[in-house]
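Welcome, and please open your viewer. We will go from stop to stop, selecting a few residues at a time.

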Amino acid sequence: MAENRYPVLEIDLRKLEHNLREIMARSAASGIQTAGVVKGFTAWPEIARVYERCGCAYLASSRIEQLKRLREAGIQTPLMLLRIPMLSELDDVARTADISLQSEPEVLRRLDAAVESVLTGRCGDNADRRHKVILMADLGDLREGFWNRQELIDTAMEIERDLPHLELAGVGTNLTCFGSVKATPEKMRELLEIASQVEKAVGRKLRYVCGGASSSLHMVLDGTMPAGVNLLRLGESVLLGDFLGCEMDFTYKDVFTLKAEVIEVKDKPSYPVGELTADAFGRTRQYEDRGIRRRALAAMGLVDYGNYTDIRPRMNGVEVIGASSDHTILDVEAVKDRIRVGDVLDFDISYASMVYLTNTESVRREYLKEDC
Ligand SMILES: *Cc1c(COP(=O)(O)O)cnc(C)c1O
């Protein structure tokens with residue numbers, strides 16, 4: 001297929017590296033290491049190498065197959081599995097991931113056995129090959145994690161005493177994902193309290209207190225992160241250079257650019273003509289009658305980016321008014337003399353659309369790499 005085909009997702013690796021270095025430097029100044037979360041871009045190795053070059057403590061994904069591909073691509077940085085593992089993938093976890101987030105005693109027992117069987121037949125010092133685990137505490141967001149504190153502490157004790165192929169590396173939490181619960185200094189202090197209870201029970205310091213994701217970064221930036229939290233798992237804030245509640249005037253917001261080609265430009269009514277039923281996805285929609293308008297069709301659609309409210313035209317005066325699987329409908333009345341068939345239009349993308357755009361063969365990738 002022709003190598004100039006559209007749509008294209010263009011990734012400016014230089015801008016990404018800038019964002020990552022700036023965020024990591026601010027985190028390091030507060031004693032916090034970074035796990036670079038790569039699931040947002042489906043762990044494309046060309047992008048993941050930027051994280052490796054910047055010295056992330058871990059590369060992290062919720063999907064074990066993405067971690068596997070990173071290893072196969074020659075990535076050396078230790079790998080973190082973010083989603084509580086399925087029993088059915090523990091062999092892969094033992095083989096591929098260096099550290100994982102955990103909340104089920106049964107999974108931990110079976111993982112210990114899986115690590116042992118992977119190690120059998122390997123020579124060398126097996127003590128270094130222990131799989132690290134971070135026990136997750138649910139602090140109210142109600143996704144993963146122990147709800148009962150005593151169960152978490154008992155599980156920590158069991159790992160320490162009875163599961164020799166696992167290393168209890170620390171405790172962690174996840175906020176803002178399901179319950180929309182804000183990451184606050186109070187929540188971090190709650191996590192630190194749990195960490196100190198675990199440390200008392202096992203009689204040693206824990207390596208990590210993992211204070212969450214991008215939604216915890218605002219505390220690093222405004223100096224309110226309680227001392228003792230020493231690892232964050234950062235995805236969106238690095239990739240978009242932006243996050244709700246963060247003051248980030250030191251980042252690029254345009255690491256990713258979606259480029260699509262215009263295939264039709266015509267004056268058309270803005271209100272459909274005929275009897276209305278449902279759209280291509282079975283939904284009934286509202287349409288605003290704004291009279292005859294100049295409209296452009298771009299050759300990309302929901303299959304490429306998910307939701308049309310998640311892409312934003314860079315050119316002022318271009319408005320996304322809808323989409324079907326393979327078409328995006330743009331109102332270009334305000335810039336009608338500047339849009340022609342064959343033009344390529346640039347769009348900003350959201351984190352949600354990034355996941356779709358990097359998961360499909362129909363979107364070509366292009367990397368910008370020149371040095372700063
Ligand atoms: C996806 C994920 C992250 C990263 O979240 P961002 O908001 O992109 O920083 C961190 N931790 C877990 C458990 C995740 O699943």
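**A loop to begin with**

Select Phe178, which lies in the loop between strand 7 (166-173) and helix 7 (185-202); helices (H or I, at least four residues) and strands (E, at least two) are DSSP runs, numbered from the N terminus. This is a predicted model, where local features need pLDDT of at least 70, side-chain atom pairs count only at pLDDT 80 or more, and totals for chains, interfaces and linings use all residues. Residues are numbered from 1 along each chain as its sequence is written, and side-chain values use heavy atoms, leaving out hydrogens and water.

Is Phe178 buried or exposed? Phe178 counts as exposed because its relative accessibility is 57% (buried is under 20% relative accessible area, exposed over 50%, partly exposed in between, with a 1.4 Å probe and protein chains only).

Ser180 is not a glycine, yet its phi is positive, about 60 degrees. Ser180 is exposed too, with a relative accessible area of 58%.

**Another positive phi**

Now go to Thr42, in the loop between strand 2 (33-37) and helix 2. Thr42 has a phi near 55 degrees, a positive value in a residue other than glycine. Thr42 is buried, with a relative accessible area of 5%.

Next, show helix 1 (residues 13-29) with helix 2 (residues 45-53). Which residues meet here? Leu13, Leu16, Glu17, Leu20 and Arg21 in helix 1 meet Glu46, Ile47, Val50, Tyr51 and Arg53 in helix 2 (contact means heavy atoms within 4.5 Å).

Finish at Pro7, in the segment before strand 1 (8-12). The peptide bond from Tyr6 to Pro7 is cis, with omega near 0 degrees.

Technical notes. Axes are lines fitted to C-alpha atoms, for helices over the stretch in contact, and angles run from 0 to 180 degrees between N-to-C directions.
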